[in-house]
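Please consult the sequence and the structure shown here while reading.

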Amino acid sequence: MSEQAEKDIGNDLALTTGYAVLAFAKLESLTRIYLKTLSTENLDELVSELTFIQRIKVVKKLVARLDGFDNEKEKAKNCLNKAGEFAKKRNLIAHNEWRISIDRKTRTLKKEIWRHSKPDGMKMHLDEVRLFTKDTEKFSAELEEVMQPLLDANDPFR
């Protein structure tokens, strides 16, 4: 493999994983907004050491405590229940090694993430990382849409 080809692959990996991490960071920032908005306490500061999944559980409890808005609360709960899957994939992307190899049958270059503790288990190809980014961006928009009525209802200035 030429030096330029190696650089191109490295740039592709860096950009693809970078976009994936940024997309998930947006989702994480939404949880902090919800913690801050749905509570009279400074929960965003108090739970900053919790994992994303643990913070989602707190947000779900805050949503459940709201008076009324049963339909909106149900939509929010259903949406928040999906959030954990994004965290698992993001962790696979951010915390595991990349393997680049040649598929001898198809004679194509394979670029994928392997979970180093279980190489026969979880892995994600570069195209799947791109799809994760798109799905995460779409999910963030969906979450914002279902949460907005609850945030508005909890706004003391309305």
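Lys 82 is partly exposed, with a relative accessible area of 41%. Its side chain meets that of Glu 142 in a salt bridge, at 3.4 Å from N to O. Because Lys 82 belongs to helix α4 and Glu 142 to helix α5, the pair ties together parts that are 60 residues apart in sequence. Glu 142 is likewise partly exposed, at 32% relative accessible area. The model discussed here is a predicted one.

**Salt bridges**

The count comes to 7 salt bridges. Among them is the pair of Glu 28 and Arg 55, whose side chains meet at 2.9 Å, N to O. This pair links distant parts of the chain, since Glu 28 lies in helix α1 and Arg 55 in helix α3, 27 residues apart. The two partners can be described separately: Glu 28 is partly exposed, with a relative accessible area of 23%, while Arg 55 counts as buried at 2% relative accessibility.

Asp 70 forms a salt bridge with Lys 73, with 3.9 Å between the closest N and O atoms. The two residues are 3 apart in helix α4 and therefore separated by about one helical turn. Asp 70 counts as exposed at 58% relative accessibility, whereas Lys 73, at 14%, counts as buried. In general, an α-helix has 3.6 residues a turn, so residues three or four places apart point the same way. Salt bridges with shared partners also join Asp 12, Asp 127 and Arg 130 into one network.

The three pairs described individually are listed below.

| Salt bridge | N to O distance |
|---|---|
| Glu 28 and Arg 55 | 2.9 Å |
| Lys 82 and Glu 142 | 3.4 Å |
| Asp 70 and Lys 73 | 3.9 Å |

**Overall architecture**

The chain contains 5 helices and 3 strands. Along the sequence, these elements follow the pattern α-α-α-α-β-β-β-α. Of the 158 residues of the chain, 33% count as buried. Among contacts with a separation of 6 or more, 62% are between residues 24 or more positions apart. The chain exposes about 10,300 Å², and carbon and sulfur atoms supply 50% of that area.

Together with Tyr 19 and Leu 22, Leu 15 forms a nonpolar patch on the surface, with about 350 Å² of accessible area for the three together.

Helix α4 has 26 residues and reaches 38 Å from its first C-alpha to its last, close to the 38 Å expected at 1.5 Å a residue. Buried residues of α4 include Ala 76, Leu 80, Ala 83, Gly 84, Phe 86, Arg 90 and Ile 93. Phe 69 is in the loop between α3 and α4. Its phi is near 55 degrees, a positive value in a residue other than glycine. Phe 69 is partly exposed, with a relative accessible area of 37%.

**The nonpolar core**

The largest nonpolar core has 32 residues, and those with the most contacts inside it are Leu 27, Tyr 34, Leu 38, Val 63, Leu 143 and Met 147. Helices α1 (3–37), α3 (52–65), α4 (70–95) and α5 (126–153) each supply at least two residues of this core. In soluble globular proteins, nonpolar side chains tend to be buried together.

Which residues does Leu 27 contact, leaving aside its neighbours within four places in sequence? Leu 27 is in contact with Phe 52, Phe 86, Thr 136, Phe 139, Ser 140 and Leu 143. One of these, Ser 140, lies in helix α5 and is buried, with a relative accessible area of 2%. Not counting residues up to four places away in sequence, Ser 140 touches Ala 23, Lys 26, Leu 27 and Leu 30.

Helix α5 also contains Gln 148, which is partly exposed at 37% relative accessible area. The C-alpha atoms of Gln 148 and Ala 76 are separated by 9.5 Å, although these residues are 72 apart along the chain.

Note on methods
Residues numbered from 1 in each chain as written. Predicted model: local features only at pLDDT ≥ 70, side-chain atom pairs only at ≥ 80, totals over all residues. Heavy atoms only, no water. Core = buried A, V, L, I, M, F, W, Y, C linked by side-chain atoms within 4.5 Å. Buried < 20%, exposed > 50% of the residue type's maximum accessible area, 1.4 Å probe, protein only. Helix = DSSP H or I, 4+ residues; strand = E, 2+ residues; numbered from the N terminus. Contact = heavy atoms within 4.5 Å. Expected span 1.5 Å × (residues − 1). Patch = residues over 30% accessible without salt bridge, like charges linked within 9 Å, V, L, I, M, F, W, Y side chains within 5 Å. Areas by Shrake-Rupley, 256 points an atom, 1.4 Å probe, with all protein chains shown as cover. Salt bridge = Lys/Arg side-chain N within 4 Å of Asp/Glu carboxyl O.
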